[in-house]
Amino acid sequence: NMHNLFDNDFFNNDILIESQYVKIIHLQTPLGGDINFESDNIELIYNYDILDNKENIRNHVVLVELSLIEKSSSEKDTNPKVALSIVVEGIYNVNSNVEEKDIKYAKQFASLNLTINYLRTVFFNITSLTANGGKFLPLININELHQKRNEEQKKRKVKTLKSNPKTLKQ
């Protein structure tokens, strides 16, 4: 049974876009060439953050960062280099018709989805200025993004506990 927020009009009516813009762009292409998007040495890494407005639970900021990393194919040079890095930000409001219990869900799916779609547009626009012309980002599974993030947060917690054992009361 799908969550009722997946009704078609959800993405249109339940989140209001206050603004969306690019925070950071770093692009580095090889001299006389371009990033080889078909290469097996390319990895796309996504990070995101959802920042809540303390005064207004419905108002929030979503930051999404994309890093395109080129792993070197030569044995000597093992340093991967960031060929493209983009950070975009969206400021959104969850509409008042969304019940309070659904607000978190709306932020984690609808707002994140809106920001990722904006990132896809930015990615296409930036790559259209490079030698090989515009590229489309592969589709992103938001559930996987959440899972990966939760796993990384667990790892961080474990590290903190290991490095600071005195804080654990027996």
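**View 1. Lysine 148 in helix α3 of the predicted model**. Lysine 148 counts as partly exposed, because its relative accessibility is 33% and the range for that class runs between 20% and 50%. The residue belongs to helix α3, which covers residues 142–163. Its side chain meets that of glutamate 152 in a salt bridge, with 3.9 Å from N to O.

**View 2. Lysine 148 beside Ile45 and Tyr46**. Apart from neighbours within four places in sequence, lysine 148 is in contact with Ile45 and Tyr46. Between lysine 148 and tyrosine 46 there are 102 residues in sequence, while their C-alpha atoms are 9.7 Å apart in space.

**View 3. The salt bridge between glutamate 89 and lysine 23**. The closest N and O atoms of this pair are 3.5 Å apart. Glutamate 89 lies in strand β4 (residues 81–94) and lysine 23 in strand β1, so the pair ties together parts that are 66 residues apart in sequence. Glutamate 89 is buried, with 9% relative accessibility, whereas lysine 23 is partly exposed, with a relative accessible area of 44%.

**View 4. The salt bridge between glutamate 70 and lysine 81**. Here the closest N and O atoms are 3.4 Å apart. Because glutamate 70 is in strand β3 (residues 59–70) and lysine 81 in strand β4, the pair ties together parts 11 residues apart in sequence. Glutamate 70 counts as buried at 16% relative accessibility; lysine 81, at 37%, counts as partly exposed.

**View 5. A network formed by Glu99, Lys101 and Asp102**. Salt bridges link these three residues in a network. In the whole structure, a search finds 8 salt bridges.

**View 6. Arginine 120, buried without a salt bridge**. Arginine 120 is part of helix α2 (residues 103–127). The nearest side chain of opposite charge belongs to glutamate 144 and is 12 Å away. A polar atom of the arginine 120 side chain lies 2.8 Å from the backbone oxygen of leucine 137. Not counting residues up to four places away in sequence, arginine 120 touches Leu137, Pro138 and Leu139.

**View 7. A nonpolar surface patch of Val22, Ile25 and Leu27**. Together the three residues have about 220 Å² of accessible area. Isoleucine 25 lies in strand β1, which spans residues 15–27. Its relative accessible area is 44%, so isoleucine 25 is partly exposed.

Terms used: Residues are numbered from 1 along each chain as its sequence is written. This is a predicted model: local features need pLDDT of at least 70, side-chain atom pairs count only at pLDDT 80 or more; totals for chains, interfaces and linings use all residues. Side-chain values use heavy atoms; hydrogens and water are left out. Helices (H or I, at least four residues) and strands (E, at least two) are DSSP runs, numbered from the N terminus. Buried means under 20% relative accessible area, exposed over 50%, partly exposed in between (1.4 Å probe, protein chains only). Lys and Arg count as positive and Asp and Glu as negative; His and the chain ends are not counted. A salt bridge is a side-chain nitrogen of Lys or Arg within 4 Å of a carboxyl oxygen of Asp or Glu. A polar contact is a pair of N or O atoms within 3.5 Å; within protein, one must be able to donate a hydrogen and the other to accept it, and residues adjacent in sequence count only if both atoms are side-chain atoms. Contact means heavy atoms within 4.5 Å. Patches are made of residues with over 30% relative accessible area and no salt bridge: like charges are joined within 9 Å, nonpolar side chains (Val, Leu, Ile, Met, Phe, Trp, Tyr) within 5 Å. Accessible areas come from the Shrake-Rupley method with a 1.4 Å probe; for residues, only the protein chains shown count as cover.
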